[in-house]
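Please walk me through the salt bridges of this protein. I would like to know where the partners sit and how exposed they are.

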Amino acid sequence: MTDTLTLRRPDDWHLHLRDGAMLRAVLPESARDFARAIIMPNLVPPVVTGADAARYRDRILAALPEGSGFTPLMTLYLTEETDPADVAAAHANGLITAVKLYPAGATTNSASGVSNFDNVRGVLETMAEIGLPLCFHGEVTDPSVDIFDREDVFLDTVLDPLRRATPGLKVTLEHVTTSQGVDYITQADGEIAGTITTHHLMINRNHILAGGIRPHYYCLPVAKRATHQEALRRAATSGNPRFFLGTDSAPHLDAAKETACGCAGCFTATNTLSCLAHVFEEEGALDRLEGFTSLNGPAHYGLPANEDTITLVKSATPVDYPAQIATPNGPVTLFDPGHPLFWRVT
Ligand code: DOR
Ligand code: ZN
């Protein structure tokens, strides 16, 4: 039986760090295991300009634990007012790694996102020219579309037309949650990849709703039925380089989740690698974990894989994770996969 596993140090290609006290509380949880992470720009107000991103990067670096080598890979939040020249300058001086597109109203702090895609055509064309990737939140926002169908409808009505209209644009379809999303990424021409979260590999919609409502499993895109979870597991463990880890670890205070209208987001930074080793072992694919966590992402983003390594060991007794991370404003509950975990990073 395999009980130790050494991997190139992983990266997280989709991470919410927030700001202020929350940033200081959650950043060490990612910096412990990950070398780099794509940092989501959906702060309040959002990170829209190169100058915003430079200041946010400085706040992240200032909040890092002493001696940490963690590198935040910054993104800009695309609005209909975004200036292509500002984006190009931020890319040219190495400040940003990608631009994030939230359809307006799709999720947490997405109100400044894009309603009319014609209004961002110039920025997208510039990005295609300079080779700057687009990270796309893949859901339509039409309130008449069932929430469980919003990713599927997005593929044909938004993603595919946009990619055809902007040849050469490198796209990351973020947090894929459906078999249709998996199929699109697998079959599409051109430069496209999909991130998969830890939690979407471990839960389906029954976990959220059957036997009581579990707000800490509520995120966007919402987890779909079990057949989609199985498709995500197959994609993640397939070895297909178009799929890699983006945790979408998204901390909210418990008070904001355990309420009549709870926020979307699962906080998985602390135990993601334990969870992933568990899933990949269940799928008989531990030999493919490194591709998913450490190789496929850098290849898509045109960056070198990390040189140093981490080692996971499997113990006979469950790993003892805290239920919550403390912040000065209250606790943040850690994602609970609902069963013990035995792999841990040494
Ligand atoms: O569940 C989510 N939480 N999905 C998102 O797209 C945003 C995120 C957040 O910022 O809380
Ligand atoms: Zn996210």
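In this predicted model, there are 13 salt bridges. A few of them are described here one by one.

Begin with R36 and D11. These two residues form a salt bridge in which the closest N and O atoms are 2.8 Å apart. R36 belongs to strand β3 (residues 36-39), while D11 is in the loop between β1 (4-8) and β2 (12-15), so the bridge ties together parts that are 25 residues apart in sequence. Both R36 and D11 are buried, which means that each has a relative accessible area under 20%.

Next, take K314 and E281, whose side chains meet in a salt bridge with an N to O distance of 3.0 Å. K314 is in strand β10 (residues 309-314) and E281 is in helix α11 (residues 272-282), so a strand and a helix are tied together by residues 33 apart in sequence. K314 has a relative accessible area of 24% and is therefore partly exposed. E281 is also partly exposed, because its relative accessibility is 26%, and the range for this class lies between 20% and 50%.

A further pair is D118 and R121, with the closest N and O atoms 3.7 Å apart. The distance counts as a salt bridge because the cut-off is 4 Å. D118 is exposed, at 55% relative accessibility, whereas R121 is partly exposed, at 23%.

Finally, salt bridges can also join into a group: R233, E282 and E283 are linked in a network of them.

Key. Residues numbered from 1 in each chain as written. Chains lettered and ligands numbered in written order. Predicted model: local features only at pLDDT ≥ 70, side-chain atom pairs only at ≥ 80, totals over all residues. Heavy atoms only, no water. Helix = DSSP H or I, 4+ residues; strand = E, 2+ residues; numbered from the N terminus. Buried < 20%, exposed > 50% of the residue type's maximum accessible area, 1.4 Å probe, protein only.
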